[in-house]
Amino acid sequence: MPRRLILGAGVLLLLSRVVMAQTGQKPPVQPPAAPGPTVPSFGSIDFGFRGTGTDIDRAQYERYRDLRNGAASRFLYRKETPSYFVDASAFNVGYRDQQYKLRYDRSKLNFGFLWDSIPTNYSYMSVSPWAVSDTGVLTISSALRQQVQNRTAVGVPCAPGAPPAACGNPTQAAAALANRSIYNQGLSGFDLQLRRDTAAIALNYAATPSVGVNFGFSSASKTGHQPWGASFAFNNANEVPLPIDHRTNDINAGVEWTNQKGMVRLAWDGSFFDNQITTLTWDNPIRATDFNNGLAPPNGPYDPSGYSNGNGPAQGRMALFPNNSMNVVSAMGLYKMPRRTSVNGTLQFTNQSQNDPLIPWTINPLIAQPSVYAIFPHLAQLPRSTADAEVKGLNALVNLNSRPFRRVAFNVRYRYNDRDVQTPTFDATEYVRFDAVPEEVEEGFSHQFDINRQTFDATATYSLNRWGGVRVGYGHDAYERHGRGFSDVGDNIFRLTYDAFANQYVTLRAGYEASRRRGSGFIESGVDYEGVGGTQPSLRYYDEADRNRYRTSLTFSVMPTETVSVNFTLTDGRDSYPEDEFTPGRDQFGLLDADTTAFAVGVNVLPRPQVSFGATYGYETYDALQRSRNAAPQPSPEWFDATRNWTMDNKEKVNTFTLYADFLKAIKRTDIRFVYDFMDSDNAYVHGGPRIQQLDTNTSVTGTSCPTGVSDCFIALPNLTTNWNRFTADVKYFFRSDVGIGFAYWYERLNVRDFATIDANGSVGFNAETGSVRTDYLGGLITGYNPRDYRGNTAFVRLLYLF
Amino acid sequence: MGSIGGVRLFSSVVAVLSLLLAGAIVLVAEQPSGQKPRGSQPTKAQAAAATPPSAYVGDDATCLTCHDTQSYKGTTHARAFNERTPAAKHGCESCHGPGKAHVDAGGDKTKIINLKTLPPQQASETCTTCHDRAKHALWNGSQHDQRNVGCVTCHSVHSPKGEPLLKAQDQMALCSTCHRPIVNKQFRLNHMPVREGKLACSSCHNVHGTSNVKLLKAGTTIDESCTSCHAEKRGPYLWEHAPVTESCTTCHDPHGSNNPRLLVARPPFLCQRCHVTSRHPPTVYDGFVLQNSSNANKIYGRSCVVCHQQIHGSNAPSGKALLR
């Protein structure tokens, strides 16, 4: 708190100085104003028709667009007079991606309006046994559920009559794959899509030459459905179409006072999120009635293993996105001093809060009853009825920038950011897992993830005149956390850059940055201690772990002639997470290192004012190595068994190529534009390590051997590949200076191979993903929204009128 | 800074230094107007204010006599009805300085300010004479300013190709000049709707300087920036997921990814970078499991988040494992 006071006092002191600087301000000498420019007015009507054809996965083709057959429109109107300026536009009127804009400027007033619809189209081929609903209740036919529960029908996901969770070996799995579940009957497809509609206004009023006031309001609603997990047990993963209906209202207001010495701004930002569907209740596809073994607690009436075998409730209930609000009060100041020196800063107080009513521990009536409460007394009532969640934040920035001498500049920056969680700890040492099983756990209290970040950064720049400038910088980031592994982390950063800027024909920017992050206060324990959440003690969370980081970058562009430019960009970075001192001799787990290298080369040619073309090629590699251990917890010896270690090397290569050509009136009365872009990626997930060798040779000595009759229970995952081509052509021909006709053609093709995508025709994505969705697979009921191959074409014919 | 005490000491020292700095600024600025610090030079704004009206030509038409291709007609700067625009002040000379001497000398280039020939930071000083409020207030010392990327590096007052007075047709094209590897991520299968024209670089970033990191314009942290649109994930929740409170970019790459949901790696392998507990989190999920086990559901589709769907935080009392 004292630091907050000091910071607040410092920033306010700075602001007060700027306010004082207003005193005695004289109006600047006003020579005659320049004559007003001629009044330009402009309008265009671009209206016609559009036709779209697609193979297979149309939703991916129009992911954020609406390309249905029908009218295509774009209207523009712009007018400027000596007293006002107006700019209005409308795009794709009446469709799911329509947009309207208006800007109106007068002498002291600027007004802006926006209506924008952005669709997110997941899939038009989705299926679900749950009836698609706009409420927070999703149901499945009780008759089908009863058949599954009675084992009289093909279950989910196993063979007829088999327990749902029993398809854990190749024979049973093959049977499950060969027998589609009962839920493949009567499925109807639906469009899995969302739409965000935003209405916004912005108002700026220049009360005086020095004082400005601004106000803004936006309201964004999001409606539709999105894929959502809704499971009842480890081995039965469900995906449902979650209905979405929420709105966020944002308001901002500010006043600023500016003069030649600097400025002061005071502002308030408020954001209010309102969700119409705050809970989801959904049917269990493998239970029509709550499981009841007739035993007394703690052995029943629920199945104590119900969270793993699916013997759970008939329904589940979960809390969805809670209503919440965020308010920010901020002050900003800038003060200019002699010697090309200025200081600016901000002070922001943030409050986030959320106090939605809490749902019960469970809606399973066999658990929510007195006999269970006798064993689990904590479940008799909630510790509190509402979330009572709150986070207070403080952000302060002071930035001193000076160029006191011709060749020397320096900058000193300090940033303080504090996230202070006020939410009272929630006691869930007794809780209900998956609505299926009451449990008592040792680590059942909620965490308060407080974070305090402080950044100090100082740089000095020495100018080499026409040869550019060299900049040397040092930064220190200090983190203080509660509830994480490392409580305190310091990151020392050194950077060196060179920027050549004096020559407009050659630009060179090069940078090198090295940082060393070290933490302390990690679980200080013996080697037998299990870490947070029962983790291996030598696990490192990579977002806070000790880290050595290197970054280099190079940007070079040259214009050998007035009509040609060539540019080259190279970036290279490496993050490595070294072993630390706390668990000597233990294998370290988590992300060990991550490397990224990218380069791009491009050329742009402008042989004539009417003709331009260019191309860019980019290549990027990403390589990340992580280590894990597949082991049962203590007291099992597996916990310490290094032969159960395995690694995962994620290697990705991406090629990107873009090409464009513009011929604007190069041919009489004709504008022609071509754009082609291409992306190709190959993403490998390569397992390694002793555990993999065991699985690969079935010589496991400590772990579970492969199923009987299987000699090799490791199969490498195939690479994920993505190949995406897009081509657009747009031709406009004007009969007169103001009337023309336009033709456009868009083409896209995606080829994707992804083991995470369920193939429509039976197997998993080792093969091409084509055809309709199979809703059931081993251990799951899914909507099948994942990307597939597609090919899309859209043609436009429009009339053009300029006025 | 290896301990709590160290961090506190560091923060306290820096806080006190900041206070002293602010105090020093006040003291320096409080000098009587007649006492100029040694070596101080007037800013352009101060120089302009001190320049007699006779030094100005006061007529853009005179300038256009020679510089006929350098008009700013039709641009924001030309709207004379707004008293803050150059057109309402000195016209061309608002930015290029008093031009009478330049005209009288027959166009002597040394007697006029040509922003193209100035180092970017010096050119920016002219622009920030007016553009020193609202979103431009934190320009001085911002990341671009430090790297000598000036206003005229990206903007063209006289011959813009895109709005607002950009040197390129749109922001993607402009920003790719230096940030090509970042822009190229837009060509990946999963991306924000920037290519589709629904968002732009400036939807998230204020390249002129912000109080947030990475030049993010909303909020004071990466999370607050992301949740300014994705408010449903803002919480605060009863049960929080630690990396979510730290930074969305721990798991997501907002510029584009070939992994679903803009993830930096594909689940379950992304989750396995941190979750090395017993049993199912560190299980080897390979092709064998995918083809032969009900545990396949942890590889395909939404993977871990099919069950742990409340990965951004849960508000359910039984949501400690983010399952409800």
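Predicted model: local features only at pLDDT ≥ 70, side-chain atom pairs only at ≥ 80, totals over all residues.

User: OK, and what does Asp543(A) pair with?

Analyst: Its side chain meets that of Arg484(A) in a salt bridge, with 2.8 Å from N to O. Arg484(A) sits in the loop between β20 (469-481) and β21 (488-500) of chain A, while Asp543(A) sits in the loop between β23 (539-540) and β24 (547-561) of chain A, so the pair ties together parts that are 59 residues apart in sequence.

User: Is Arg484(A) buried or exposed?

Analyst: Arg484(A) is buried, since its relative accessible area is 12%, which is under the 20% limit for that class.

User: How many salt bridges are there over all chains?

Analyst: The structure holds 52 of them over all chains. One of these joins Asp575(A) to Arg551(A), where the closest N and O atoms are 3.3 Å apart. Asp575(A) belongs to strand β25 (residues 564-576) of chain A and Arg551(A) to strand β24 of chain A, so this pair ties together parts that are 24 residues apart in sequence. As for burial, Asp575(A) counts as buried at 7% relative accessibility, whereas Arg551(A) counts as partly exposed at 32%.

User: What about Asp671(A) and Lys665(A)?

Analyst: Their side chains also meet in a salt bridge, at 3.0 Å from N to O. Asp671(A) counts as buried at 16% relative accessibility, and Lys665(A) counts as partly exposed at 41%. There is also a network, in which salt bridges that share partners join Arg65(A), Asp677(A), Arg726(A), Glu748(A) and Arg195(B).

User: Switching to strands: how many helices and strands does chain A have?

Analyst: Chain A has 7 helices and 34 strands. Strand β1 (residues 41-56) pairs with strand β2 (residues 70-80) of chain A in the antiparallel sense over 10 bridges, and within that pairing the bridge partner of Asp46(A) is Arg74(A) in β2(A).

User: Which strands run parallel?

Analyst: One such pair is β6(A) and strand β11 (residues 279-283) of chain A, which are joined by 2 bridges; there, Val137(A) has Thr281(A) in β11(A) as its bridge partner. Both strands belong to an open sheet of 3 strands, with the order β6-β11-β12 (chain A) and mixed pairing. In that sheet β6 (137-138) and β12 (315-319) of chain A stand at the edges, each with a single partner strand, so one side of each is left without a neighbour in the sheet.

User: Back to the surface. Which residues form the nonpolar patch?

Analyst: The patch is formed by Ile45(A), Phe47(A), Phe49(A), Tyr77(A), Tyr801(A) and Phe803(A), which together have about 570 Å² of accessible area. Strand β1 of chain A gives the most to it, with 3 residues. Phe49(A) lies in that strand and is exposed, because its relative accessible area is 56%, over the 50% limit for that class.

User: Then what about the inside: which residues touch the most other members of the largest nonpolar core?

Analyst: That core has 47 residues, and Tyr685(A), Phe755(A), Leu778(A), Phe269(B) and Leu290(B) touch the most other members. Elements giving two or more residues to this core include β26 (589-608), β27 (611-629) and β28 (645-667) of chain A, as well as α13 (287-292) of chain B. Apart from it lies another core, of 31 residues, among them Ile140(A), Val148(A), Tyr183(A) and Phe321(A).

How values were computed: Residues numbered from 1 in each chain as written. Chains lettered and ligands numbered in written order. Heavy atoms only, no water. Patch = residues over 30% accessible without salt bridge, like charges linked within 9 Å, V, L, I, M, F, W, Y side chains within 5 Å. Areas by Shrake-Rupley, 256 points an atom, 1.4 Å probe, with all protein chains shown as cover. Salt bridge = Lys/Arg side-chain N within 4 Å of Asp/Glu carboxyl O. Helix = DSSP H or I, 4+ residues; strand = E, 2+ residues; numbered from the N terminus. Buried < 20%, exposed > 50% of the residue type's maximum accessible area, 1.4 Å probe, protein only. Pairing = 2+ DSSP bridges. Core = buried A, V, L, I, M, F, W, Y, C linked by side-chain atoms within 4.5 Å.
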